Amino acid sequence: MATEILVNDGGAPARIIPFKAGEALTAGDAVAALHVASGDCTVMKADSSEATNLSFVGVAMTDCASGDMASIITGRGIVVRINCTDVNGGILMAVGNTGGQLEAYTDGTDLTDNPVAVTLEDGALGGGAAGLVKCLTL
């Protein structure tokens, strides 16, 4: 992996938990847990356009295919690189319209639109573009 997703390994209460992937995931994707008819819990890219994909549970640590076991980094107060829109540092982030990508949080009446992280740098790796951004999970 060219870029480490977990930045502060060992420094905060991060947990890496295996979940079955309901779709292909890329390292750094924001993921949501879903309950399926079989009673299993799978993870998919978090996506605000589908109400079932809003419950952010963590970040994919590595790439995986649909049906594989995915390593998901979970916890609060951990520093990870998350797939985000082009933002500045210090911005609250919430589940976005693009699967697996967080976007700037806007306060509204929809209680499902909650901030899940805050950015610690500008744009992707500090380069000012959408992509992996160092964030602190909330």
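Which residues does Thr 119 touch, not counting residues up to four places away in sequence? Before the answer, a word on what you're looking at. This is a predicted model, where local features need pLDDT of at least 70, side-chain atom pairs count only at pLDDT 80 or more, and totals for chains, interfaces and linings use all residues. Residues are numbered from 1 along each chain as its sequence is written, and side-chain values use heavy atoms, with hydrogens and water left out.

Now the answer: Thr 119 touches Val 87, Asn 88, Gly 89, Gly 90, Ile 91, Met 93, Val 133, Lys 134 and Cys 135 (contact means heavy atoms within 4.5 Å). Thr 119 sits in strand β9, residues 117-119 (strands are DSSP runs of E, at least two residues, and helices are runs of H or I, at least four, numbered from the N terminus). With a relative accessible area of 1%, Thr 119 is buried (buried means under 20%, exposed over 50%, partly exposed in between, using a 1.4 Å probe and protein chains only). Its side chain reaches the backbone oxygen of Asn 88 at 2.7 Å. Look also at Leu 136: it lies 17 residues along the chain from Thr 119, yet their C-alpha atoms are separated by 6.5 Å.

Next, take a step back. The protein has 10 strands and 0 helices, and buried residues make up 41% of its 138 residues. Among contacts between residues at least 6 apart in sequence, 57% join residues at least 24 apart.

Strand β6, residues 79-84, is worth a visit. 6 of its 6 residues are buried, so β6 is largely enclosed by the rest of the structure. Strand β10, residues 131-137, runs antiparallel to β6, and 6 bridges join the two (strands pair if DSSP finds at least two bridges between them). Within that pairing, Ile 82 stands opposite Val 133, and Val 133 is also one of the residues that Thr 119 touches.

Finally, follow Arg 81 out of β6. Its side chain meets that of Glu 121 in a salt bridge at 3.7 Å, N to O (the cut-off is a side-chain nitrogen of Lys or Arg within 4 Å of a carboxyl oxygen of Asp or Glu). The pair links distant parts of the chain, with Arg 81 in β6 and Glu 121 in the loop between β9 and β10, 40 residues apart. Arg 81 is buried at a relative accessible area of 16%, and Glu 121 counts as buried at 16% too. A search of the whole structure finds 1 salt bridge.

Methods: A polar contact is a pair of N or O atoms within 3.5 Å; within protein, one must be able to donate a hydrogen and the other to accept it, and residues adjacent in sequence count only if both atoms are side-chain atoms.
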